[in-house]
Amino acid sequence: GVKAFDSHDIQGAASYLQLANRMDSLDALCNYYLGLLAYQQADYSIAKEYFAKARDLDGLRFRAPQQFNEILDELCKKYVYAHLVDTKSAFESYSNNQIIGKELILEHVHPNLKGYAILSDAFYQAMKKAQLFSVSSENEISFAQLLQEMPITPVDSLAGIYRIGKLKNSWPFNEIHAQDSFIVQSVEERLAWEFVNGNVQWPE
């Protein structure tokens, strides 16, 4: 089924993968590829279900399964001073077809800069809604301003790119691209590269 998918044989891939899923519905990779097939056919609600199931069945648990979200929701309803911050819905609202992917997540888990902005805004709005503080409108910034004015230096951004590159060059990602394929020329690039490789500390 995967070979058929990689060869762009959509009909063959669907036939093989659906047969495999009937034989064993608990295979994460099969569910992931069924999600990709559904997404290609613009059946986004079905794709989302398959992707969620693939995540929950993943043998290497980078991400918490859906049951964790359900437990958190129950606890926040039970305890009056526990407040649920629905970051999942926030991320979905900024994602193509409500499916969280590469536009907000660097690999399996960590958000990119826009993702972190969404995360921080979700917490801010939840705390405000819970009346944990009050703030005048003239002292607030909009989400668009947050994205525009986020205090991230070029060195920090480059360090993030280099670090994720190193991460994806090892198990379980094993993406084939040499770490030395990064262009390191400017002062910022050199500092970031030295920082990520432990040759200089951030304060320096």
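This report covers pockets, salt bridges, a surface patch and backbone angles in one protein model.

The model is predicted: local features need pLDDT of at least 70, side-chain atom pairs count only at pLDDT 80 or more, and totals for chains, interfaces and linings use all residues. Residues are numbered from 1 along each chain as its sequence is written, and side-chain values use heavy atoms, with hydrogens and water left out.

## Pockets

The search runs on a 1 Å grid over the protein atoms alone. A pocket is an open set of points where a 1.4 Å probe fits, with protein on both sides within 12 Å along at least five of seven lines. Lining residues have an atom within 4 Å of a point. Grid points are joined across faces, edges and corners, and a volume is the space filled by probe spheres set on the points.

The largest pocket holds about 2,000 Å³ of space. Its lining counts 49 residues. R55, R63, I100, I105 and H108 lie nearest the centre of the largest pocket. Helices here are DSSP runs (H or I, at least four residues), numbered from the N terminus. By class, the lining of the largest pocket splits into 27 nonpolar, 8 polar and 14 charged residues. Ala, Val, Leu, Ile, Met, Phe, Trp, Tyr, Cys and Pro count as nonpolar; Asp, Glu, Lys and Arg count as charged; the others, Gly among them, are polar.

The second largest pocket holds about 420 Å³. It is lined by 16 residues. L106, S157, G160, I161 and I164 lie nearest its centre. Here α7 (113-129) and α9 (154-168) are the elements that give two or more residues. Helix α9 gives the most, with 8 residues. The lining of the second largest pocket has 8 nonpolar, 5 polar and 3 charged residues.

## Salt bridges

Side chains of opposite charge can pair when their charged atoms come close. A salt bridge here is a side-chain nitrogen of Lys or Arg within 4 Å of a carboxyl oxygen of Asp or Glu. The structure holds 5 of them.

| Pair | N to O distance |
|---|---|
| K48 and E92 | 3.1 Å |
| D73 and K77 | 3.2 Å |
| K88 and E92 | 3.1 Å |

K48, K88 and E92 are linked in a network of salt bridges. K88 and E92 both lie in helix α6, 4 residues apart, about one turn of the helix.

E92 has a relative accessible area of 9%, so E92 is buried. K48 is partly exposed because its relative accessibility is 28%. K88 has 32%, so K88 is also partly exposed.

D73 and K77 both sit in helix α5, 4 residues apart, about one turn of the helix. D73 has 27% relative accessibility and therefore counts as partly exposed. K77 has 67% and therefore counts as exposed.

## Surface patch

L60, F62, V109 and W171 form a nonpolar surface patch with about 390 Å² of accessible area together. Patch members have over 30% relative accessible area and no salt bridge; like charges are joined within 9 Å, and nonpolar side chains (Val, Leu, Ile, Met, Phe, Trp, Tyr) within 5 Å. Accessible areas come from the Shrake-Rupley method with a 1.4 Å probe, and for residues only the protein chains shown count as cover. L60 is in the loop between α4 (44-57) and α5 (66-78). At 33% relative accessibility, L60 is partly exposed.

Most residues other than glycine have a negative phi. H8 has a positive phi, near 65 degrees. H8 lies in the loop between α1 (2-6) and α2 (10-23). With a relative accessible area of 68%, H8 is exposed. Q98 has a positive phi near 65 degrees. Q98 is in the loop between α6 and α7. At 38% relative accessibility, Q98 counts as partly exposed.

D56 is in helix α4. Its relative accessible area is 18%, so D56 is buried. The C-alpha atoms of D56 and L191 are separated by 39 Å, and these residues are 135 apart along the chain.

Notes. Buried means under 20% relative accessible area, exposed over 50%, partly exposed in between (1.4 Å probe, protein chains only).
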